[in-house]
Amino acid sequence: MDKHDSGITRRRLLKATGALAGVSAMSGFTPAWAQSGGRVVVGTWGGDYSKLLAKNIDTPLLVPKKYEVVHDIGGDSERRAKMRAEARLPRGTSDLQGLSAPQMYEMNEAGLCLPIDYAKIPNAQYLLTQMRYPYGVGHIYSGKVILYNPKLITTPPTSFADAIDPKHGGKLGIIDIQYPYTMMAAALGSGGSMTNYEPGKERLLACRKAGAKILPTNEAMAQALQNEEVGICIMWKARAVQWQKAGAKVDTVAPKEGIPLYISGFVIPKNAPNKDAAHFWLNEMLQPSAQEAFAEDMGYNGSVTNAKIPPETEKRIGFNADERKRLIDLDYGYLAKNDAALKEWWDKSFKG
Amino acid sequence: MGSATARLERPGTQAWTAAAMIAPASIVVMIGIVLPVAILFRYSLNQFTPAKVMVDAVTLENYVKFFTDPFYRAILFRTIRVAALCTAICVVLAFPMAYCLARTRSRFKNLLLMAVILPLFVGNAVRAAGWMVLFGNRGFINSMLIGLGITREPLQIMYTEFAVVVGVIAVNLPFVVLTLQAVLEGIDRAVEEAALGLGAGPWRTFRHVILPLAMPGVIAGTILSFILAMNAYATPVLLGGPTFQMMGPTVYNQFAGLSNWPFGAALAFVLMTATLLLTVTSNWMAQARYRR
C-alpha cells in the first residue's frame, strides 16, 4: 500500500484526539481540526493512475483536511476478487474501489456496493448524468477509437469494419485483456449491437487466420506500435493521446459505427470501514481542479460540467460535436451476463 | 536431577513432550495449508452463476467440464509436457555442474556456490523480464541475427513454448544443482577411486557407482523441478503470452479474471492431483529401478 499523508500518523492522531477529548470533556470545547475524517483506503490500479490520484486529489484536497489516504494498489480483477472474498466480513479493508463502469455494475449486481448518498457529495450537482450511478460515481471517460500508422496503413480506416479486417494480416494488433471491447467493436462492424456480439466472431476468426497479432497488454501494444510491428488497432482515445505523446506515429479515427464509451469510477463497498470519508473523497474527486488536472495529465475527459479544460487539451482528448453524437454506452447487463461465455469463446476458439 | 530425568523418560511424558514439539508446526500446517485446501475443495463442488459467483451445491459438474472439454485437457497435457521437458533438461544440465561443485577443492568453491544461488535473489517476474529483453522482436538475439545477416526478419521467440521452456529452466536449475550438490558431497571419493582402480572407465563409474548413489538427490531434484514447473505462473504469462496457456495462469484467470471460483477451484485440484500422482509414480518407479 502506498501512503500519502502529511506526517500525521494514525497513532499520533489517536493520541492527540484522545488528549483533546479529555480536555474538551472538561471545557466543553472541541476544536474543528480534532474532527478529522481519519483514514480512507482507496482501491486503485497502480502506475500513473495511482500517482495522479495522489497528486491531484489526495495530497491537495484530502491531506490538508487531516485525512490519511492509503492506496490499495492492484489490478481490477484482484480487487474485485478481494471484494467478493471480504463480502461476509462485517468490516472490509477498503473504503473505495476504482473500477470500470461494467465492473461497477457487476459488483453492484453481486450485492457488494453501498448505495451512494449523493446528499453527501455536493459536487455531484455538476456530474454528467450518464456517470451518476446509484451504486457508484464516474470519474473519467474516453471512447474506443481506431489507431493506425499512416506509413503502414495507407488508406485511412473509417470504421471498425475497416480496422478489424483480415486484409491487414499481421499488421492488425489485438489486445488480449481488451477482449470484451474487441468483440464489441467486431460486432458493431459486422451488424451486431451492444446486446449482441455474436456477428463479430466470424470476423475475428478470419483476422486471426490472416495472422493478426494478439498482444497481452496495452503496454505491449504501445511497444508494438512504436516498433511498427503493428500498424492498426483499436484503443481508448486517452491511451492514444498518451502514446502519441510518447512518440508513437499513430493517427486516430472515431469509428462511424459509434464510439463505445469507457467510463472509470469508484464504488463504496458495503462493508467499508469509513463510509463518510469515502463520500468525502468522492466529493473531492469531482472538484474542478482535480478533474482539470486529470484531463491534462492523463488524457481522459472529466465527468463534471464545471471543469475548465483548456481548448487545446479539449481538442486533443475530447470529441467534437459530431463525434459526441456517436458516443455509445455499453450494455452493462449484457456484459455481466455474458462475460464468462465471451471469455471462454475468446480463449478456446479465438486464441486456442 | 535424577528424578527429573526419570520423569522425562516415562512413556506418557515422552508422548506429551513429542506432542508439544509437533503441535506448533502442525497448527501452522493446518491453518496455512490443510484448511485453505479443504475450503478450496468445497468450493470446487459449488455451482457458478455470473451474478453471485458461487451457489452452494454438491456437484461434480466442474470436474466433468474439465475432463470432457478437449481445450482444458490440452492445457493440462501441455503443462505436463513442459514440466517434464524442463525437468529432464534441468537434471541433465545440473548433474555435471553439481558434480564439479561437489568435487572441486578450489578456494573459490564458495564463490561458485554463490553464483549458483545468485539467480534465486531475483524474483521470477524480474528474470522473465530479462528474457523478454533478449527474446523480443527488437531484442538482443534478433538484433544480432539481423545484424550478422543470418536472418532478414526477426524470429518469433517471444510468446512461444521455446521461450517458456528456457524461462522455466532458468528458474529451476539452481534448485536442482543445489539438491544434487548436497547429495554428491556425501558420496565418498574412495568409492569412485575404487571403481576406477578396478578398471571401470569414467562412464561405467558414473553409470554403476555415482548415479545410483546420487539417486536420492536426482529424485529430490526431479520432484522439486517438476512441481515448480507444473505450477509455474509468471514465466508462462510473461514469456508464453496470451496464446500459450498453461495450468497455473488458467487457474488464476478463472478466479481473478472470470470470478468463476468453483471451476477455478476444480482446476486447482486437478493440477494438484496430477502433480502429486505424477511425482509419486515417478519417484516409486525410480526407486524400484535402482533398488534392484
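A residue is called buried if 20 or more other C-beta atoms lie within 10 Å of its own, exposed if 12 or fewer do, and partly exposed in between, with C-beta atoms placed from the backbone. The model is predicted: local features need pLDDT of at least 70, side-chain atom pairs count only at pLDDT 80 or more, and totals for chains, interfaces and linings use all residues. Residues are numbered from 1 along each chain as its sequence is written, and chains are lettered from A and ligands numbered from 1 in the order in which they are written.

**View 1. B:Tyr159 in its loop.** B:Tyr159 sits in the loop between α7 (140-147) and α8 (161-185) of chain B; helices (H or I, at least four residues) and strands (E, at least two) are DSSP runs numbered from the N terminus. B:Tyr159 is buried because 22 other C-beta atoms lie within 10 Å. Although B:Tyr159 is not a glycine, its phi is positive, at about 60°.

**View 2. A:Lys66 in its loop.** The loop between α2 (47-62) and β3 (67-73) of chain A holds A:Lys66. A:Lys66 has 17 C-beta neighbours inside 10 Å and therefore counts as partly exposed. Phi of A:Lys66 is near 70°, a positive value in a residue other than glycine.

**View 3. The two domains of chain A.** Chain A has 14 helices and 13 strands, and 44% of its 352 residues count as buried. The domain assignment gives domain 1 (2-141 + 263-317) and domain 2 (142-261 + 326-351); domain bounds come from an automatic or database assignment. The contact between them takes 14 residues from domain 1 of chain A and 11 residues from domain 2 of chain A, where two residues are in contact if their C-beta atoms, placed from the backbone, lie within 7 Å. On the domain 1 side, α4 (101-109) and α12 (311-317) of chain A each give two or more residues, and α4(A) gives the most, with 5 residues. This side divides into 8 nonpolar, 3 polar and 3 charged residues; Ala, Val, Leu, Ile, Met, Phe, Trp, Tyr, Cys and Pro count as nonpolar, Asp, Glu, Lys and Arg as charged, and the others, Gly among them, as polar.

**View 4. The contact between chains A and B.** Chain B contributes 16 residues and chain A contributes 20 residues. Helix α12 (residues 247-257) of chain B supplies the largest share of the chain B side, 3 residues. That side has 8 nonpolar, 6 polar and 2 charged residues.
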